[in-house]
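Please open the structure in your viewer and keep the selection tool at hand.

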Amino acid sequence: MGLSGIGMTPYDVLITGFTMVVGAGMPIASLSRVFMLQDNVPDTMKGRGFSFSAMLLYFSNTVSLLVFGFLSRFFSVSFLFEISGLSIMIIVGIYVLLVKLPPLSRRQPISSAKYPIER
């Protein structure tokens, strides 16, 4: 939401607010990664896990800066912020719908209910 807001608003005060939203989200994302590493990686492999996580983070930051730097020659920065933020929200929404929510099941007809009504 912060990235989309930065791209969509022309007001400096709102840009500052959305920047704070992005700034608050960054440590939360980092802490979730650290929690998953501490919880799921065996003690003997934690050093390698944290090293690989840091390397992957630095590599992805470099690639994203290269891509956004190249695209900023052709598109405005606010447009890139809008597209980036909206795509993140869409991907997260799809993930929540497909992975986190339980699958929808058909309702049973009243006649085959587990506990029929006694008369």
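A residue is called buried when its relative accessible area is under 20%, exposed when that area is over 50%, and partly exposed in between. With this scale in mind, please select Ser-84, which is placed in helix H4. Is Ser-84 buried or exposed? Its relative accessibility is 16%, so Ser-84 counts as buried. Leaving aside residues up to four places away in sequence, Ser-84 touches Leu-3 and Phe-68.

**Confidence**

Before going further, please colour the chain by pLDDT, since this is a predicted model. The average over the chain is 79, and 85% of the residues score at least 70. Which helix has the lowest confidence, and which the highest? The lowest mean, 75, belongs to H1, while the highest, 87, belongs to H3.

**Leu-86**

Remain in helix H4 and select Leu-86, which also lies there. Leu-86 and Gly-2 are 84 residues apart in sequence, and their C-alpha atoms are 9.9 Å apart in space. The contacts of Leu-86, not counting residues up to four places away in sequence, are with Ser-4 and Met-8.

**Ile-15**

Next, select Ile-15 in helix H2. With a relative accessible area of 27%, Ile-15 is partly exposed. Ile-15 and Gly-2 are 13 residues apart along the chain, and 8.7 Å separates their C-alpha atoms. Which residues does Ile-15 touch, if those up to four places away in sequence are not counted? They are Ile-6 and Thr-9.

**The largest pocket**

Please hide the previous selections and show the surface. Rolling a probe the size of a water molecule over the atoms shows where empty space is left. The largest pocket of this structure has a volume of about 1000 Å³. It is lined by 30 residues, and those closest to its centre are Leu-3, Val-22, Met-26, Asn-61 and Ile-88.

Now colour the helices separately: H1 (2-8), H2 (12-40), H3 (46-71) and H4 (77-100). Each of these helices supplies at least two residues of the pocket lining. Which helix gives the most to this lining? The answer is H2, with 10 residues. Colouring the lining by residue class shows 18 nonpolar, 11 polar and 1 charged residues.

**The aromatic pairs**

For the last stop, show the side chains of the aromatic residues. A pair of aromatic rings is described by the distance of the centres and the angle of the planes. How many aromatic pairs does a search of the whole structure find? The search finds 2.

Select Phe-70 and Phe-74 to see an edge-to-face pair, with 5.1 Å from centre to centre and 70° between the planes. Of these two residues, Phe-70 is partly exposed, at 48% relative accessible area, and Phe-74 counts as exposed, at 54%.

Then select Phe-75 and Phe-79. Their ring centres are 5.4 Å apart and their planes stand at 35°, so this pair is tilted. Phe-75 is partly exposed, with 41% relative accessibility, and Phe-79 is likewise partly exposed, with 35%.

Methods: Residues numbered from 1 in each chain as written. Predicted model: local features only at pLDDT ≥ 70, side-chain atom pairs only at ≥ 80, totals over all residues. Heavy atoms only, no water. 1 Å grid on protein atoms, 1.4 Å probe; cavity = no way out; pocket = protein on both sides within 12 Å on 5 of 7 lines; lining within 4 Å. Points joined across faces, edges and corners; volume = space filled by probe spheres on them. Helix = DSSP H or I, 4+ residues; strand = E, 2+ residues; numbered from the N terminus. Nonpolar A, V, L, I, M, F, W, Y, C, P; charged D, E, K, R; others polar. pLDDT = per-residue confidence, 0-100. Phe/Tyr/Trp six-rings, centres within 6.5 Å; stacked < 30°, edge-to-face > 60°. Buried < 20%, exposed > 50% of the residue type's maximum accessible area, 1.4 Å probe, protein only. Contact = heavy atoms within 4.5 Å.
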